[in-house]
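Dear colleague,

Please find the structure below. I would be grateful if you could read the notes that follow with the coordinates open.

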Amino acid sequence: MKYFSIVLTLTIGSIGFLFLTPIPYANAATNDSLIIVSGPTHREMNGKFLDDSLIADLSLGGKLAEVLIPSIKSRTWLVDPSVIEEIIDMSDGYTVLPDVKGAGEKIATQFLVDLKYAIGDAPVYALPYGSPKISTRKKISDVEFSQLQSVSSVRLARALGRAVTAGAPPNWNENTQKLRSINIAEFKSLRKQLALISQISSDPIISETGIRLNTLLNPNLDKKSSQYLSVSFTGAVNRIADKLRVLPGRYTLTSREEKLPVTIVNDFNAPAQVVLTTNANNSRILPIEARALYLQPNSRTQVLVPVTAIASGKVELHAQLETLRGDKYQGISTLAVTIAVISPVVGWVMAIAGFLLIGAAGTRIFRRLRNARNGLGAK
């Protein structure tokens with residue numbers, strides 16, 4: 001049995017890039033081979049490239065360009081759409097960290113032309129986006145993995161401008177390289193946060209981040225790159241969560257029953273469905289009923305929350321958003337309330353005292369007038 005094996009390594013910092021792996025010929029006479037285009041991501045979540053090392057590898061004689069050499073008659077391609085999208089990103093202008101204009105636009109554009117020519121009419125299969133370790137990803141969620149495969153094939157077909165097949169071809173076995181446990185833990189934590197956010201809104205940024213998150217499960221990621229990407233993804237997920245929030249505020253109640261204008265911001269490009277809960281930190285305000293809300297995209301909504309005060313003083317209202325399933329969303333926003341309410345008993349006492357004062361003043365004035373008349377009469 002014959003074997004065909006080519007290993008290409010593309011270095012970005014300390015990131016290895018594996019393109020071709022050994023696979024036995026199904027039939028030596030057909031001269032078939034499997035070419036795998038895969039590797040760890042070279043972009044952080046905001047789209048900036050880690051460096052410009054890809055230029056040399058995409059150029060003539062470079063390591064990546066070697067996969068374009070038509071050294072055999074028939075090829076089968078197994079391609080990670082994230083790799084192709086990165087090269088497309090280079091071809092239409094890109095930025096390298098910290099904030100430098102990339103110099104590989106023309107080279108990336110030519111590489112894409114050459115790649116499509118090299119593929120020709122050969123069969124193309126789509127790897128899961130970001131080349132996560134398949135056995136691990138399926139174990140976390142088999143349903144999500146099936147969805148990832150479908151999305152990956154659509155994105156690869158769009159990137160190459162041709163039909164592709166989801167999943168791997170027959171007789172292909174995944175690399176047995178192990179994942180770092182910290183990568184798996186970080187992925188699970190961020191995935192859980194995104195799942196919570198997805199209960200609130202269907203903004204495309206949520207699903208896009210979820211797809212890109214799979215790059216953390218690529219076994220070719222080294223320690224330094226894993227740490228950098230973890231920080232990048234954590235920041236991205238936190239920024240997404242902050243798109244929906246309750247603004248803190250200060251209020252003064254001057255009557256027993258009032259409606260507080262609580263402001264909720266929805267910066268998602270899609271509607272949001274949420275439940276607003278408001279709880280007081282003491283008994284000066286009666287319990288407040290939770291309210292289900294439908295918030296328009298990119299909106300700032302004032303919700304009138306009815307409150308009933310039973311005593312004067314200061315109260316902190318803890319406002320929090322929940323999903324329709326009752327899961328807590330984000331942290332607590334504090335609404336500082338000062339209650340300056342006069343109770344009915346105090347009101348009656350003050351009213352009686354007022355009448356008594358008026359009566360006393362009237363009596364005094366009457367006496368002065370009477371004395372004044374009597375005095376004039378004596379003269």
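The notes below cover the sheets, the helix packing and the salt bridges.

This is a predicted model, in which local features need pLDDT of at least 70 and side-chain atom pairs count only at pLDDT 80 or more, while totals for chains, interfaces and linings use all residues. Residues are numbered from 1 along each chain as its sequence is written, and side-chain values use heavy atoms, with hydrogens and water left out.

Sheets

Helices (H or I, at least four residues) and strands (E, at least two) are DSSP runs, numbered from the N terminus. Two strands are taken to pair if DSSP finds at least two bridges between them.

An open sheet with parallel pairing is formed by 4 strands in the order S3-S4-S7-S8. S3 and strand S8 (165-166) are at its edges with a single partner strand each, so one side of each has no neighbour in the sheet. S3 runs parallel to strand S4 (residues 76-79), and 4 bridges join them; valine 37 has valine 79 in S4 as its bridge partner. Helix H5 (residues 142-160) packs on this sheet, where contact (heavy atoms within 4.5 Å) is made with S4, strand S7 (124-126) and S8. The direction of H5 makes about 135° with that of S7. Axes here are lines fitted to C-alpha atoms, for helices over the stretch in contact, and angles run from 0 to 180 degrees between N-to-C directions.

A second open sheet has 5 strands in the order S10-S16-S15-S12-S13, with mixed pairing. Its edge strands, S10 (249-253) and S13 (291-295), each pair on one side only. From one strand to the next, the twist averages 30°. Strand S12 (residues 272-280) pairs with S13 in the antiparallel sense over 5 bridges, and arginine 291 in S13 is the bridge partner of leucine 276.

Helix packing

Angles under 35 degrees count as roughly parallel, over 145 as roughly antiparallel, 65 to 115 as roughly perpendicular and the rest as oblique.

The axes of helix H2 (residues 81-91) and helix H3 (residues 105-119) come within 7 Å and cross at roughly 135°, which makes H2 oblique to H3. Ile84, Ile87, Ile88, Met90 and Ser91 of H2 meet a set of H3 residues including Ala108, Phe111 and Leu115.

Helix H8 (residues 223-241) packs with two helices. Helix H7 (residues 204-212) and H8 have axes that come within 11 Å and cross at roughly 165°, so H7 is roughly antiparallel to H8. Ile205, Ile206, Thr209 and Arg212 in H7 meet Phe233, Val237 and Ile240 in H8. Helix H6 (residues 181-200) packs with H8 at an angle of about 10°, their axes being 10 Å apart; the two are therefore roughly parallel. The contact of H6 with H8 also involves Phe233, Val237 and Ile240, among other H8 residues, and has 7 nonpolar, 6 polar and 1 charged residues.

Salt bridges

With a salt bridge defined as a side-chain nitrogen of Lys or Arg within 4 Å of a carboxyl oxygen of Asp or Glu, the count comes to 10. One of them joins arginine 43 to aspartate 89, with the closest N and O atoms 3.0 Å apart. Arginine 43 lies in the loop between strand S3 (34-37) and helix H1 (54-58) and aspartate 89 in helix H2, so the pair ties together parts 46 residues apart in sequence.

With kind regards

Terms used:
Ala, Val, Leu, Ile, Met, Phe, Trp, Tyr, Cys and Pro count as nonpolar, Asp, Glu, Lys and Arg as charged, and the others, Gly among them, as polar.
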